[in-house]
Amino acid sequence: MSGAFFRPRKWAVAALPAALACAMLFVATAAALAQSDMTVIKTGPATAAANTNVAYTLNILNVGADDAINAALTDPFPPGMTFVNVSSPPGWTCDPIAPGSGGPLTCGNPNVPAGSSVNFTLTLHIPAGAAGGTVFSNTATVSALNDETDENNSSTAATVVTGGTSADVAVAKTGPATAQPGQNITYSIQAVNAGPDAAASVQLADTLPGPFTFVSLSAPAGWTCSTPAVGAGGAVSCSIASLANGGGGTFTLTVNVPSGTPVGTSYDNSATISSQTPDLTPENNTATTSTLVVNAAPDLTIAKSHSGNATQGQTGFAYTLTVTNIGTATTSGAISVQDILPAGLTASAISGPGWNCVLATLTCDRADVLSPAASYPAITLTVNVAANAPPVVVNTATVTASGESDTTNNAASDVTIIVALAPDLAITKTHGGNAQQGQTGFVYTIAVQNVGNVPTSGLVTVTDTLPAGLTATGVTGSGWSCSAGATPTCTRSDALAAGASYPPITLTVNVAANTAANVTNIATVSGGGEINTGNNIAIDPTLVTPPGGGADLAIAKTHAGNARAGQIGFVYTITVNNVGAIASSGTVTVTDLLPAKLTATAAAGAGWACSLGATPTCTRADALAPNGAYPPISLTVNVAGDAPPTITNIATVSGGSDFNPANNTASDQTTVRPRSDPTKDPDVVGLVNAQVATAQRFANTQISNFNDRLEALHDDNTGDQFGLRFGQPDQDECYIPGTSLLRDPFDPKCKPPNQYSAERPATDAFTSMRTDRKSPVNKAPPAEPRTRDFAFWSTGYVSFGSADPTVQRSAIDFNTSGVSAGVDYRLGRNFIIGAGVGYGRDSSRIGDRGTRSDAEAFNVAAYGSYRPFRNFFIDGLAGYGAMRFNSQRFVVDDMALVYGTRNGSQFFGSLTAAYQFRWQGLMLSPYARINAAWLTLDAFTENGGFGGALAYSAQTANFYTSVLGLRGKYTFLTDWGSIAPRFRVEYNHDFAGTSTVFLQYGDLIGPIYSLTTSPASRDRATIGVGTDLMIRDQHRLAFDYQYDVDFLGADWHRFKLRWETRFLP
C-alpha cells in the first residue's frame, strides 16, 4: 500500500498492558510457589598482623526446597581494609573492584540450584598503621527474589590486629516466666569474660521494664553499682575496672510488679554488657528475658514414685503419690487424686494423712486449702504384682481441683520394671600378677554366682576360651566336673540358691615362650534355667612379660626435716625408678594423694607435665630404661596451722607397661611440729617490752619537761622574773638588809624607791645584785614596778639509749624526740597555774633481724605550783596522751617480716615537794617526787608473713616511781643578763610496772599464750648538767643533758633545749 503508514488497531494496544500484567502475575505466582532459603557462612582468621593480607571464605548455600531466583551477594568492606582480589564460583558474576579500593563486593547469580553450596575467597588488606587490638568486622549478606527467610542471610567474621588485646564479655539473664501484680520477682544476671585477655572498664546496664520498681541488688565482689531508689523505676548500672579472662559473677536483681499492673501484659527485661577492650563477639553482649503478668491462681502438680524394681508374684509393692501447689494462690474447694493401675497390678491398700481414700475406686479426696509452694502429706498405694505381670508397666495418677491456672501438669506416670521369677547366673574371672613368657602354672580363678531371685535348675556349664599362647594344664573346682583341652569346660547340675555362689574353679595354664605381651582370657556360663544372658561372660586381660620380668616402676617419696604447723612451702621429693628388666612404654602417671591439712602449691619435674588440685598429678610418655630413674618431682605444699602432729602423704605410679603393682605406692610419714611458743621468741618479747617502755618514756619525758618548767618558776631572779613571787611583802623578804635594794625587783608586792623608778629600768632583773648596797641613794622609798602575769615556754628534747639483752631477752636500742610547750598564769602571790601540749616520736630497734617499733604521742597537761611558806614549793601536774605504734617483726620460722599497728592511751601525773637554799648567786634545792602513769594499749593483729603473724590482746600497765633528788645552780651576772650552770642528781625506784598480754597465732583459734613484762630495773640513777642563759629579764635559753642508768646495764641519754619568754603588760 503505497503512501500509507501502519496504524495499530485499538484492540492490539489495549491488549498489551493486560498481557504484561498476566506475565507479571505468572512470575509472581511462580515465585510464591517456589521457595528458596539462601544462607551465607563467612570465616576468616581470628588474628592478623598490620600491613598483611587476610583471606575470607564465603560459603553460599541454598538450603531451601527450590532454586533461588536472582540471588545476590554483597560484602561492604570494614573501614580501613582495602580490596586485593576475589575468587568467585561458576555462575556468579561480580562487579569489578579496583585493587586498593574500599569495595564493596557485589555479585549476582540468576539461578542458584536448591541444595547447592559454593565458596567465594575474598582477600582484603589490613593497613600498615592499624593499631594492635583493632577489630575488623566483615559482614556478608545474601538474598534472592524467592528467599523465604532472611534470618540466616548474613554472617560476620571478626579479625583482631595482633599486638593488642581483646576480650569477649558476655551476659546471660534468667527470670520468671510469669508474675502477679504486687509480687516481687528475681532476675539472675551472669556476666563473664571469655578472654583471651582481661576486659577493661566493663559496664553492665539493666533498665527496669515498664512499671517495675527496684527492690534490691546483690553484686559480685569488685563491682561498683548504682541503682534507683527502692520503690522507683529506672536503670541499674554496674562497673568494674578490669575483668580477668575467665572472670565473672552473678548479679541478683529483685524488682516489684506494682499492684494494678495490667494482667496479660508481657514485659521484656534486657541486660547489656560492654568493655573498652575490643570485643570479638558483640552478639552475646545483650540478654533478654520476658515475664507475663498473670492473675494469682493455684496450680497443682502430682508426682508418683516407687523404690526399686517389682518382682512377679510380689505382695506389698508400694507407690508414693505427692500433690504440690506450684501456683501463686491458695487452693479452694475439693481436691481429688485417682490412680489408674495397669494390668498385672492389684491394689491392696491406699491411704494418706488427711486424705479420704476409697480402695475400690483408688481415689483420695480432701478439701483443706494448700498454700503456694506447699505439699499435702503423701499418699501410699500398696499393690500386689501378678505372677504373670509383664516386664514393664506404667502406673498413672491424676489430680483435679477447681480454679487451677494450668491443668497440663495434673498427671504423673511411673514406669515400673517387673523382674521375672528366674535364676540369673553371673561369672567373674581373675588372676594374680602378670604372666611371663615360658611360665608354667599360671593360675586363673573363675567364680559363678546366682544373682536371680529363685534357685537354678538343670545343668550349668562353664567354658573357658584360651587365647593363643596359653595351654590349659589343669582345671578343677569342688563339685564341678571338669575337662581340660583347647577349651576347658566344667559342669554341674545341683541347684544354686538365689544370692549364692558355687565353689570357684581353678584354671592352670602354661605360657608359651612367644606369647604376645597382652592376651585376653574369656570364660562363659550358661544353663541353670536363667533367662538373662547379659552377665554370662567374663573377660580377663592379662599382661605377659618377657622372661625375668618386664618394666617394673617403683616410686619413692621423701622430705627433709620436719614440717611446721602453718608452714608455707614444705617440699616433698618423688622419684620413679624402673627396677624391671625392660624399658617402660606408654604414659607414666604419678598421683599424690594429699592428706587433710596439706595444700599443694606447686608440682614440677624436668620432663613431667604436672597439674595441681586435690590430687596433684604428673605424667610423661618417654621410655625409662631398666635400672634408670626419671628426674625427681618436687611437690610443694602449705601446711595448715592446725595440722596434727603426724601426717602421711601417699604417692602412686601407674602405666608404663608396669607388670608389678606391689611397689607402685610410696608412703611418707611426716612429723609436724607445732608452732613455736611466741613467748620464747626474743623478738616478740622485745617488741612487747619496747612498746610498754616507749609509753613509759613518753610519760616520763613529758613529766620531766613540765617539772623543769615548774622548777624554773621557783628560782629567784630567774623564774620569778616571769611574773612569779610568793610570800608576804615584809621588810625582811623584799629588801636586802640595810639597803633599799630589792631581793627580787620583779616581785609585784615589793616596791623600789620612787625617785629611781625613771632612772633604773624596772625590767632589769639583776640591778639589785649589781648595785652598791651601801650607797645612800638606795635609802629612798620604793616605787611601783611593772607586773608580769603570763609567760610562754617551749622545750625540745632528743634522747637515746639501750636495754641489756639479758633482761629483755632481746637487745633494744631506742631514740625518742619531741617538743613540749605551755603558758603560765599567776592567780595570786602563792599560786601559779599553767597548761601545755606535747608531741613525741620514738623509734626502737629490737635485736638485729629487722624487728622494730615506731611510735608517736600527742599529750596535753595542766600544771601548777603552790608556795605554802617561804622557800618551800609544792608542784603538781596531770596529763593525757594518745599514742600510735607501727611495728615490724622478724619471724624466724617464716624467715619473713610481719607488720602491725596498734593504738594506745595513758594518763600521767606528778607531785613534787621542794625546798630552796640561797646564798648570793648559789641555789640548792632538795626535792621528793612521785610520778605515776596509767597505760592502755589496744589489741591488734599482725599481717603478712607465712603463718607466723600473731594476735595481741589489749594490755594495761601502771607505773609508780618515787624520786629523791638534789639540784643546784650558780648565777653569774653579765651586761646582757646572766649565765647559770646547773646540776642534778636523782635516785628513782619503780613500785609497779608489770603488764600481761595474751598472744595467739592470727590464723588459729588457739592455743593462747601469756607474756608478762616488767621494767628492766626497779632502781636507777640520774645525773644531769645544764646551763641557763638569761637575756635581759624577758627571755631564757636553757640547755640540759641527763644520763639515766639502772643497775642492770640499761642506759638513757637525754638532751633538752628550752626557751621561755614572758609577756609584758
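**Cavity lining and a buried threonine**

Modeller: The lining of the second largest cavity comprises 3 nonpolar, 8 polar and 8 charged residues. The model is predicted, with local features requiring pLDDT of at least 70 and side-chain atom pairs pLDDT 80 or more, while totals for chains, interfaces and linings use all residues. Residues are numbered from 1 along each chain as its sequence is written, and side-chain values use heavy atoms, without hydrogens and water.

Biologist: What makes a lining residue count as charged?

Modeller: Asp, Glu, Lys and Arg count as charged; Ala, Val, Leu, Ile, Met, Phe, Trp, Tyr, Cys and Pro as nonpolar; the others, Gly among them, as polar.

Biologist: What makes a space a cavity, and a residue part of its lining?

Modeller: On a 1 Å grid over the protein atoms alone, a cavity is a set of points where a 1.4 Å probe fits but cannot get out, and lining residues have an atom within 4 Å of a point. By this rule there are 7 cavities of 30 Å³ or more.

Biologist: Why is threonine 461 called buried?

Modeller: Its relative accessibility is 18%, and buried means under 20% (1.4 Å probe, protein chains only); threonine 461 therefore counts as buried. This residue is in strand β34 (residues 460–465).

Biologist: Which residues does threonine 461 touch, leaving out those up to four places away in sequence?

Modeller: Thr489, Cys490, Thr491, Thr524, Val525 and Ser526, where contact means heavy atoms within 4.5 Å.

Methods
1 Å grid on protein atoms, 1.4 Å probe; cavity = no way out; pocket = protein on both sides within 12 Å on 5 of 7 lines; lining within 4 Å. Points joined across faces, edges and corners; volume = space filled by probe spheres on them. Helix = DSSP H or I, 4+ residues; strand = E, 2+ residues; numbered from the N terminus. Buried < 20%, exposed > 50% of the residue type's maximum accessible area, 1.4 Å probe, protein only.
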